[in-house]
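Subject: Handover of a predicted two-chain model

Dear colleague,

Please find below the structure that I am handing over to you. My notes on it come after the sequence and coordinates.

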Amino acid sequence: MHIMEGFLPWQWCLVWWLIAIPFLIVGVIELRSLLRKDREYLPLLGVCGAFIFILSALKLPSVTGSCSHPTGTGLSVMCFKPFITAVIGFIVLLFQALLLAHGGLSTLGANMVSMAIGGPLVGYAVYKLLKNTPVNIYVTVFCVAAVADIVTYIITSFELALAYPAAVGGVAASFTAFFVIFAITQIPLSILEGLVLALVFKYIIQLKPDLIEKLGVFSKKQIDAALGTPDAPSEKV
Amino acid sequence: MFENRKLELLTLIGLFAFVVLFIIVSGQSGHEFAGSDDVGSEKIAELTGKPVDSFTPVIPQYEPPSGEIESTLFALQATFGGVIVGLVIGYWYGQKKRPVNS
């Protein structure tokens, strides 16, 4: 979903940067206060961040005959909320912009708004919606991860459409064109990402149910129900 | 025994379906499996009527000199993530085996 360096007029670069910066600032403040409160969260933060690193390095082939990569932001946004996720996403995108020429410094704002902010925010909304329903928490994780992934690409399409409206049909027509390129490719990938992150989440709650509970991601009752064996520690890893 | 392994099974089926889809699609001609980023860039060139090469970086940037080096850097990125995940899961696993209050 990277918008390549130079492919966005500077006015739009500025707009997206201006939207992204407040998220980054609030995220850094939240991150500092979280880690000052309890170092216990650091490993979980590492795992959430690591999955963004791993998944966004994998360029997978898709049914449309082109390749794209998942985003992995769903886990982080559920555990640490959108602002901290924005910071982690920023780090990954900065790495790719500086060393890999995937995306660039001028388009980093736009890429952040799609992958590190917009996608996770919508994923977070899905999480809020499903959290207090009887829906199985693995299903919730699946939906959050898949939605955060696909929305990232929808936003990228939108950003490009705004900057490059088609001569005939304007923004809507070029949105459709970019949507076909980015979002359709992404559908199978986002399903796969949802499955993988749900599985990862299962291992996290098997090992550290108390952390997830303390962060208020899910209640103890929900976690026990998902693990299937209330109060009996699971020995399967 | 599959009662507790439903999710693993489902993920495997998903992976399998994904691979099968890939094999079917790659069997058809006309698919280059280029990155969607590049396809998107070409679309921009098409919409603006300017060739892809005419888009030069606004801020100068380092570009990996070859695909080999690029793949190394991507592998490093994934390795970094993998190391952290393994480290933390192992750390938690060890904690669980040996309770702190013993």
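The following paragraphs set out what was found in the model.

This is a predicted model, in which local features need pLDDT of at least 70 and side-chain atom pairs count only at pLDDT 80 or more, while totals for chains, interfaces and linings use all residues. Residues are numbered from 1 along each chain as its sequence is written, and chains are lettered from A and ligands numbered from 1 in the order in which they are written.

Confidence

The predictor assigns the complex an ipTM of 0.83 and a pTM of 0.88. Within chain A, confidence is lowest in E2(A), at a mean of 84, and highest in helix H4 (residues 108-131), at 94; helices (H or I, at least four residues) and strands (E, at least two) are DSSP runs, numbered from the N terminus. Residues 230-237 of chain A have a pLDDT below 50, and this stretch makes 10 contacts beyond near neighbours in sequence. Two residues are in contact if their C-beta atoms, placed from the backbone, lie within 7 Å. For chain B the average pLDDT is 83, and 93% of the residues score at least 70. Confidence in chain B is lowest in E1(B), at a mean of 80, and highest in helix H3 (residues 67-97) of chain B, at 90.

Interface between the chains

The contact involves 57 residues of chain A and 51 residues of chain B. On the side of chain A that touches chain B, H6(A) gives the largest share, 16 residues. That side divides into 40 nonpolar, 12 polar and five charged residues; Ala, Val, Leu, Ile, Met, Phe, Trp, Tyr, Cys and Pro count as nonpolar, Asp, Glu, Lys and Arg as charged, and the others, Gly among them, as polar.

H6(A) packs with helix H2 (residues 36-48) of chain B at an angle of about 170 degrees, the axes lying 10 Å apart. Axes are lines fitted to C-alpha atoms, for helices over the stretch in contact, and angles run from 0 to 180 degrees between N-to-C directions. The two helices, H6(A) and H2(B), are therefore roughly antiparallel (over 145 degrees). Among the residues that meet are A:Phe178, A:Ile181 and A:Phe182 in H6(A) and B:Val39, B:Lys43 and B:Leu47 in H2(B).

An open sheet of three strands, with mixed pairing, runs in the order E1(A)-E2(A)-E1(B). E1(A) and E1(B) stand at the edges, each with a single partner strand, so one side of each lacks a neighbour in the sheet. E1(A) and E2(A) run antiparallel and are joined by two bridges, whereas E2(A) and E1(B) pair in the parallel sense, also over two bridges; strands pair if DSSP finds at least two bridges between them. A:Cys67 in E2(A) is the bridge partner of A:Pro61 and stands opposite B:Gly35 in E1(B).

Helix packing within chain A

Helix H1 (residues 10-37) and helix H3 (residues 74-99) of chain A pack at about 105 degrees, with their axes 7 Å apart. That makes H1(A) roughly perpendicular (65 to 115 degrees) to H3(A). Residues including A:Phe23 and A:Leu31 of H1(A) and A:Phe83 and A:Phe90 of H3(A) make the contact, which divides into 10 nonpolar residues, one polar and one charged.

With kind regards

How values were computed. Parallel < 35°, antiparallel > 145°, perpendicular 65-115°, else oblique. pLDDT = per-residue confidence, 0-100.
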